[in-house]
Amino acid sequence: MQAKLISSIKNRTSLVWKIPTFPILLMLNFMFGLATSLFIPFSSIFGLDEVGMSNVAYGIFMTIMAIGGVVISTYIGKLSDRNVSRKLILIVSSVAAIAGYLGFAYVRDYYILCFIGFFLLGIASATMPQLWAHAREVLEQSDVPKKEVPYVMNVFRMFTALAWTVGPAFAGWILVVMDFEGLFMLVSLGFLLCIFAIFVFLKDEPKKVDMTGKQVMLGKFMLRPHIFANIIAMFLLHAATTINMQNIPQFVTKTLGGTEAHVGVIFSVPPVFEVPLMIMFGIMATRWDLGKLIKLGFFFSFAYFFLIWNVTEPWQIYPLQILSAANVAITAGLAVTYFQNFLPKEPGTATTLYMNAQKIGSTLGFLLFGYFSSLFDYQNVFTICILFTGIGFFVLLFFGQERKHKKVAEF
């Protein structure tokens with residue numbers, strides 16, 4: 001049985017590397033993921049401690065940045081599914097990322113930072129969904145069997161997880177040696193290398209359907225009961241994840257008495273387990289219903305937040321990160337394919353829809369973190385995460401599956 005599993009993994013892995021331009025796409029996914037992993041775990045330390053924002057002002061700042069990402073990336077997503085070059089969009093959004101992070105390196109004025117976060121990093125937020133949409137188009141043009149697409153896309157997502165295995169710990173060391181200026185300079189350099197790779201190695205894939213002049217009926221599409229339920233559930237999950245990501249650095253350093261080094265390790269542990277778990281769940285996705293796996297991911301998330309609420313030492317969070325890894329391996333990897341299957345002829349729009357559920361959830365998460373962390377201690381902020389993931393799991397369990405008969409979907 002074990003030999004058969006290993007052989008299956010080897011065959012599927014060789015399939016991935018034979019897809020045209022996919023090695024370059026994997027490298028770009030790693031670089032974009034690395035840029036994210038260098039900043040996000042320490043964003044609350046940047047805003048609260050480096051810039052000197054209040055908890056509420058920081059929540060508003062991150063909300064403004066999230067809204068910029070939603071509004072601008074949605075518009076870019078619609079353009080990309082028509083006749084606008086996806087390669088050009090990736091280059092422009094990467095240039096915006098360089099300008100934005102250089103601004104973060106040197107600007108400490110709150111209102112200018114809000115402008116940079118909304119406009120420049122709003123454009124930059126299109127890089128990841130556009131790269132994933134491009135990867136899906138490359139798959140559509142390849143000889144990869146349709147049933148293997150979830151596995152291949154999960155391998156693609158796995159390279160983001162690989163970036164997170166080194167990113168937070170490396171960022172913690174950079175902050176000690178070079179402070180935030182050095183950190184943001186390195187992020188900008190990473191995007192510069194990505195621009196070179198995009199310009200030299202990528203080519204635009206032909207659109208399967210010419211959508212020029214056509215309007216995607218997203219409102220009608222989103223209001224289908226099972227799709228709307230999935231959007232709401234993803235919205236709640238990512239709100240909880242954002243609250244957790246902002247709260248852990250403060251919880252560890254100010255409640256548990258830990259250091260930035262503890263924070264770096266905490267954020268580096270999950271990706272170590274995400275890689276094998278993504279392979280495992282990717283193979284399962286070729287045989288199981290994706291909806292059932294998504295529900296399992298929500299259950300892992302609920303259990304994780306309930307347990308972390310009760311820790312008393314920084315090291316106790318380390319083993320709990322395995323649950324976080326299992327959740328991410330499913331909801332961040334398979335969920336992209338899951339949403340793309342809702343709208344298979346428009347992968348850019350479908351991917352952006354998922355990303356926007358994530359971003360809008362993050363918007364609420366930033367606001368709630370800023371508000372509740374100003375009222376309660378950091379440990380009790382986790383109760384919001386427990387509530388959100390519990391509701392999200394319930395919504396998926398009873399409303400997240402399309403069915404012809406009035407029968408409650410079983411998990």
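# Close-up views of a predicted model

**View 1. Glu137 and Arg86 are joined by a salt bridge, their closest N and O atoms being 2.6 Å apart.** A salt bridge here is a side-chain nitrogen of Lys or Arg within 4 Å of a carboxyl oxygen of Asp or Glu. Glu137 lies in helix α7 (residues 127–141) and Arg86 in helix α5, so the pair ties together parts that are 51 residues apart in sequence. Helices (H or I, at least four residues) and strands (E, at least two) are DSSP runs, numbered from the N terminus. Glu137 counts as buried at 7% relative accessibility, and Arg86 is buried as well, with a relative accessible area of 1%. Buried means under 20% relative accessible area, exposed over 50%, and partly exposed in between (1.4 Å probe, protein chains only). This is a predicted model in which local features need pLDDT of at least 70 and side-chain atom pairs count only at pLDDT 80 or more, while totals for chains, interfaces and linings use all residues. Residues are numbered from 1 along each chain as its sequence is written, and side-chain values use heavy atoms, with hydrogens and water left out.

**View 2. Asp49 and Lys254 meet through their side chains in a salt bridge of 3.8 Å, N to O.** Asp49 belongs to helix α3 (residues 43–51) and Lys254 to helix α10 (residues 225–255), so this pair ties together parts that are 205 residues apart in sequence. Asp49 counts as partly exposed at 45% relative accessibility, and Lys254 is also partly exposed, with a relative accessible area of 47%.

**View 3. Glu50 forms a salt bridge with Arg108, with 3.3 Å between the closest N and O atoms.** Distant parts of the chain are linked by this pair, since Glu50 is in helix α3 and Arg108 is in the loop between α5 (86–106) and α6 (110–124), 58 residues apart. Glu50 is partly exposed, with a relative accessible area of 29%, and Arg108 counts as partly exposed at 27% relative accessibility. By the salt-bridge rule, the count comes to 3.

**View 4. The largest nonpolar core has 133 residues, and those with the most contacts inside it are Phe22, Phe104, Phe156, Met234, Phe281 and Ile308.** A nonpolar core is a set of buried Ala, Val, Leu, Ile, Met, Phe, Trp, Tyr and Cys residues joined through side-chain atoms within 4.5 Å. Helix α8 (residues 149–201) gives the largest share of this core, 23 residues. Residues that Phe104 touches include Phe39, Phe46, Phe61, Leu113 and Phe184, not counting residues up to four places away in sequence; contact means heavy atoms within 4.5 Å. A second, separate core of 6 residues includes Ile72, Ile76, Ile89 and Ala126.

**View 5. Ile67, Val71, Phe115, Phe118 and Phe119 form a nonpolar patch on the surface, with about 450 Å² of accessible area together.** Patches are made of residues with over 30% relative accessible area and no salt bridge, like charges being joined within 9 Å and nonpolar side chains (Val, Leu, Ile, Met, Phe, Trp, Tyr) within 5 Å. Accessible areas come from the Shrake-Rupley method with a 1.4 Å probe, and for residues only the protein chains shown count as cover. The elements that give two or more residues to the nonpolar patch are α4 (55–80) and α6, and α6 provides the largest share, 3 residues. Phe118, placed in helix α6, counts as partly exposed at 32% relative accessibility.
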